[in-house]
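Below is a short note for a colleague who is opening this model for the first time. The points may be read in order, with the structure on screen.

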Amino acid sequence: MDISKFTSKKSLLVAGLVLAILVFLATFPTYGSNSEVGIWVTILMYIILTVSWVMFSGTTGYMSLAVAAFFGIGMYTAAFLYPKSGPLLPLPAVVIMGGLVSFVFALLTGLVTLRLKGMYFAIFTFGFSVLLYHLMVYYELQIIGYRGQRLTPITNVTAFYILIIVMVLTLLAAYLIRHSRLGLAMQSIGESEDAAAHMGVNTTMVKVITFAISAFFMGAAGAALAPKWEYIDPSVAFNMFYSFMPVLMAVFGGMRELYGPVIGAAIFAYTERTLRLRFPYYYMLSFGIALILIIIYLPGGLTGLVPTLKDKLGGVIARLRKGGQSDRHANT
Amino acid sequence: MDKATIVWVIISGLLNGSIYALIAMGLSIQYGVAKVLNLSHGEFIMVAAWLTFAFFTSFGINPLASAAITAPLFLGIGFLIHRTIFTTLRKRAPTPAAFEGNSLLVAFGLLYVVQNIALLIWGGKPRAYFWLTSGVDILGVRFALNNVIALAVAVALGVAFYVFVNRSRLGKAIRAAAQDPATAGLMGININWVLPLCFGLGALLAGIAGLLLSMCYSISTFMGIGYTVIALIVVALGGLGSIPGSFIGGFILGIVGSIVVQFESALSMVAFYALLMILLVARPKGLLGKT
C-alpha cells in the first residue's frame, strides 16, 4: 500500500474525523440516556447490515435479498448458544459463532446460487430467506413444540459496545476489500463478468468469498442483537424488511463512497426508530413512497449529489465570471 | 394412498395450480416484456380479493360478475402505474440492467404502499364469505362447487391469454417488444403503449386470481407476499419471461403442493423452494427458458 496516501492533508482530516466519531461513540453511554443508547443500537445495526450488503452487492451488481436470512441465522445461533436457561459460551464467542455460522451458510448457498445471473440470483436469495422462515416455523411448531426462543438478556450498553466493535470491523473489512485485488476483481465483475473471467479473474471464487465475508458481519450483528431483544421467533429473525432496508439505505446514501451507505443507514435508522412504533401503518406507507421517489429522482443517492452540486455550482460561478454570456453552455 | 386421496390430490392440485398459473403468467408478462420484476404482484391479488369480498358482502354482487368491474379496473391501474412510475424510471435508467434492479426496488416500495393502505382500510384480520359452497361429486370425492368453478375459470382464462399472446396481432406486438423494445419501436410498435399495457395485463391476471382465491379461501391483508413468492418460484421454474413455462410451472407447483400437504402441510413452501433449488442447479435458465 502507498504510504504517501496517509500523509496527505485530506487523509489526516478523514482519520481525525473517524477518530472523533469513535471517541464520541465510545463515551456516549456515560452521558446519553438508556433510550438514546437504544436508538444508537438500531443505527449501528443498520450501518453494519448496509455496509456489509454494499460490500458484496454494491460492487458486483448481484442483488442479494438474503440479508434477512444471514441476520436471522446469527440470531438463532445466539438463541441456541445464549438461551434463557444459561449461556453455553461467553457473549463475544457467541457473536463470533453467529458470524461463522452465517459465513458457512453463505459459502454453501453461494456455491449453488452464484452461477445464477441477474434476476435469478435476486429471486433465489429472496426465496432463501422465506425458506429459512418456513423451516424454522416448522422446526419450532412440529419438532420442539413451542414458538419462539428466549435468551439471556443483555443491556443496551453491552449490545451497543459489541455493535461498535462489529461496525468498526465491518467498515475496516469493506475498506480493505475496496483497496485490494479482491475489490478490483469484484469491480471488474460488476462492469462485465465475461471480461473479468477472460482477464483471469476466478469470478466464482471472488463472488463466493465476498458473499460469505459480508454474511459473516450480518450474522454477527444478528447474534449481538438477539440477546438484547430477549425473545426471537421466525417472523422477527427472518423478516424480509431486513433484506430490503439495507438496499434502500445504500441507494439513499449512495454507493460510490464508503460513507454513503453509513449516512443513508444512520438517517433511515433514526427515523425508523422514532416513527415506526408510533405510526406503524403510515410509517410503512411513507417508507414505500420514499423508496419509490428516491429510486426515481435520486439514483446516485445523497453522496451522488455532491458531484452534481459541484457541477451546478461550478456552472453558476462560470456564468457569473463570464457575465451571463454562456448561459446555455454552462450546464452541458 | 387410496383412490379417493389420489383424486383429491389431483383435483385440488389442479385448482391451486390453475390459480398459480394465472398469477405466474401475470408476473411473467410483466417481467418478460415490461422488465419489471413486480414484487408487489401479490398485493394486487390481495386488493382484488378484498374488493370481491366487499362487492359480495355489501352489494350482493356475484363474485364472478364482479370480474366485469375488477378486470378493467386492474388493467387500468396497472397501465397507469407503468405509465407514470416505470416509464419514467425506464427513460432515466442508463442501462437495461440498471432499470431491472431499480424497478424491482420500486415494486418493493409499491408493496408497502398498497399493503399499508389496505391495512388502513380493511385491517389485519382474515375474513371469508360463502358462495356456492354446496358439494359436487368428482369420481366419488366431494368438492365445493366454488372450487370447481374457480378451476374452470382459471384454466379458460389461462388458455385464452396464451392464445391472445400467440395468435393475435397485439400479441405479436407484445412478443416483439419482449425480444427487443428498441427494434420493435423502429418497426412501428408504440413501446410507450405496449409496455404499460403488458403491465396492466399482468395486474388484470392478478386481479382475477385474487377474485378466484377469495371464492375458495379466507382472505387477509397479508396474503399477498406468499403468492408473490409462489409466482416468483413458478416464473423462475418455467424460465423467466416464458408464458407457456409459467402456465406449466403453475400446475407442477400446484400438484407438488397438494402431494406435500398430504404428508406435512407446514412444509409445502419448503418443498416448492427445494424444487426450485434443484431445478435451477440443473437448468439455470428454468424449464423452458432460452439458453
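This is a predicted model: local features need pLDDT of at least 70, side-chain atom pairs count only at pLDDT 80 or more; totals for chains, interfaces and linings use all residues.

Into which domains is chain A divided?

1. Chain A falls into domain 1, covering 32-296, and domain 2, covering 300-332. Taken over C-alpha atoms, the centres of domain 1 of chain A and domain 2 of chain A are separated by 38 Å. Where these domains touch, domain 1 of chain A contributes 11 residues and domain 2 of chain A contributes five residues.

2. On the side of domain 1 of chain A that touches domain 2 of chain A, the elements that give two or more residues are α12 (241-253) and α13 (259-275) of chain A. The largest share of that side, four residues, is supplied by α13(A). Sorted by class, this side of domain 1 of chain A holds five nonpolar, four polar and two charged residues.

3. Still in chain A, a pair of packed helices deserves a look. Two packed helices are described by the angle between their axes and the distance between the axes. For helix α8 (residues 181-191) of chain A and helix α10 (residues 203-229) of chain A, the angle is about 110° and the axes lie 10 Å apart, which means that α8(A) is roughly perpendicular to α10(A). The crossing of α8(A) and α10(A) is left-handed.

4. Which residues of α8(A) and α10(A) meet? From α8(A) come Leu182(A), Ala185(A), Met186(A) and Ile189(A), and they meet Thr203(A), Val206(A), Lys207(A) and Thr210(A) in α10(A). The residues of this contact of α8(A) with α10(A) comprise five nonpolar, two polar and one charged.

5. Turning to chain B, the reader will find 11 helices and two strands, and from the N terminus on the elements of chain B follow the order α-α-α-α-β-β-α-α-α-α-α-α-α. The radius of gyration of chain B is 19 Å, close to the 19 Å that the globule rule gives for 291 residues, so chain B is as compact as a globular protein of that length. Along its principal axes, the C-alpha trace of chain B spans about 60 × 50 × 35 Å.

6. The contact is formed by His41(B), Gly42(B), Glu43(B), Ile45(B) and Met46(B) of α2(B), together with Gly224(B), Ile225(B), Gly226(B), Tyr227(B), Thr228(B) and Ala231(B) of α9(B). By class, the contact of α2(B) with α9(B) consists of five nonpolar, five polar and one charged residues.

7. Finally, there is the contact between the chains, which takes 36 residues from chain B and 34 residues from chain A. On the side of chain B that touches chain A, the elements giving two or more residues are α3 (67-92), α4 (96-122), α9 and α11 (268-282) of chain B. Which element gives the most to the side of chain B that touches chain A? That element is α4(B), with 17 residues. The side of chain B that touches chain A has, by class, 29 nonpolar, five polar and two charged residues.

How values were computed:
Residues are numbered from 1 along each chain as its sequence is written. Chains are lettered from A and ligands numbered from 1 in the order in which they are written. Domain bounds come from an automatic or database domain assignment. Two residues are in contact if their C-beta atoms, placed from the backbone, lie within 7 Å. Ala, Val, Leu, Ile, Met, Phe, Trp, Tyr, Cys and Pro count as nonpolar, Asp, Glu, Lys and Arg as charged, and the others, Gly among them, as polar. Axes are lines fitted to C-alpha atoms, for helices over the stretch in contact, and angles run from 0 to 180 degrees between N-to-C directions. Angles under 35 degrees count as roughly parallel, over 145 as roughly antiparallel, 65 to 115 as roughly perpendicular and the rest as oblique. A crossing is left-handed if the near helix is turned anticlockwise from the far one by less than a right angle, and right-handed if clockwise. The radius of gyration is taken over C-alpha atoms; the globule rule is 2.2 Å times the number of residues to the power 0.38.
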